[in-house]
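Reader: Please walk me through this protein model. Keep it brisk.

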Amino acid sequence: MTSHETGPPAPEAAADAVSVVAPQLRSLRRRAALTLEAAARAAGLSPAHLSRLETGQRQPSLPMLLALARVYGTTVSELLGETAPDRDAVVRADAMEPTYAGGWTYWQAGGAGRGMQALRVHVPHGSQGDIVRVHPGEEWLHVLRGRLRLRLGDTMHLLGPGDGAHFDSLTPHRIAAQDPDGVDLLFVHTLLQSPTAALCLGPAPTTTHPASGETP
């Protein structure tokens, strides 16, 4: 992975992402027949924060997109307005365009419309590191480069290149880059096609994270 791929997005890239995501979030929420309050509660956000995402006043982080995708029974790709012409089993490297969300960079490493989603992710140091996630399903990750801090429940794990983890997503979990250069990983999670999936996203109770833009 080259350095320019893992750096912060250009302002125009971030603006394009917001302009695409905002109307998609509103459209998919309405398609799921959810009020703003119900959708926000299911995703662990405040209604005010979700409203700002839907009007383009905030850029959603990757954990927020994952949460909302589960709530709306869809994929991050659809939230970003991406469409796949078919369900080809092979995903070529040159088709993996980088997408930026909340400081993270990720590439779709699997096909759309599947029961699970595969991503290649770069997590910068200090970005979204204390977002706590709890939801039904399973997650698998594999560290490609750098070191990853993974908290599962009350236990902290430090993973290096070649290490992996496979866990029940109902276990409260957090991931963060240990090193200043960030961490690159492969990430697979199950997609629950249910708008009533119980989800929670929010900062750790003892720490505030203004960069994440979340409201407890």
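Reader: Where do I start: what share of contacts between residues at least 6 apart in sequence joins residues at least 24 apart?

Author: A contact here means heavy atoms within 4.5 Å. Take the contacts between residues at least 6 apart in sequence. The share that joins residues at least 24 apart is 70%.

Reader: What kind of model is this, and what is left out of the side-chain values?

Author: This is a predicted model, where local features need pLDDT of at least 70, side-chain atom pairs count only at pLDDT 80 or more, and totals for chains, interfaces and linings use all residues. Residues are numbered from 1 along each chain as its sequence is written, and side-chain values use heavy atoms, leaving out hydrogens and water.

Reader: How many helices and strands are there?

Author: Both are DSSP runs numbered from the N terminus: helices are H or I with at least four residues, strands are E with at least two. The count for the protein is 6 helices and 11 strands.

Reader: What percentage of the residues counts as buried?

Author: Buried means under 20% relative accessible area, exposed means over 50%, and partly exposed lies in between (1.4 Å probe, protein chains only). The protein has 216 residues. The buried share is 46%.

Reader: How many salt bridges does the structure hold?

Author: A salt bridge needs a side-chain nitrogen of Lys or Arg within 4 Å of a carboxyl oxygen of Asp or Glu. By that rule the number is 4.

Reader: What does the salt bridge between E139 and R70 connect?

Author: Their side chains meet at 4.0 Å, N to O. E139 and R70 sit in separate elements, so the pair ties together parts that are 69 residues apart in sequence. E139 is buried, as is R70. The elements are strand β5 (residues 138-145) and helix α5 (residues 62-71).

Reader: Is helix α5 enclosed or open?

Author: The buried residues of α5 include L62, L66 and R70. Just after α5, G73 takes a positive phi of about 65°. In α5, 10 of the 10 residues are buried, so the helix is largely enclosed by the rest of the structure.

Reader: Is R145 buried or partly exposed?

Author: R145 and D184 meet in a salt bridge at 2.7 Å, N to O. R145 is in strand β5 and D184 in strand β10 (residues 183-190), so the pair ties together parts that are 39 residues apart in sequence. D184 counts as buried because its relative accessibility is 2%. R145 has 34% relative accessibility, so R145 counts as partly exposed.

Reader: Which residue 70 places from F187 along the chain has its C-alpha atom 8.1 Å away?

Author: F187 is in strand β10. Its relative accessible area is 6%, so F187 is buried. Not counting residues up to four places away in sequence, F187 touches residues including L66, E139 and W140. The residue whose C-alpha atom is 8.1 Å away is Q117.

Reader: Which ring does the charged end of R120 sit over?

Author: The rule asks for NZ of Lys or CZ of Arg within 6 Å of the ring centre and within 35 degrees of the ring normal. The charged end of R120 sits 4.3 Å from the ring centre. The ring belongs to W107.
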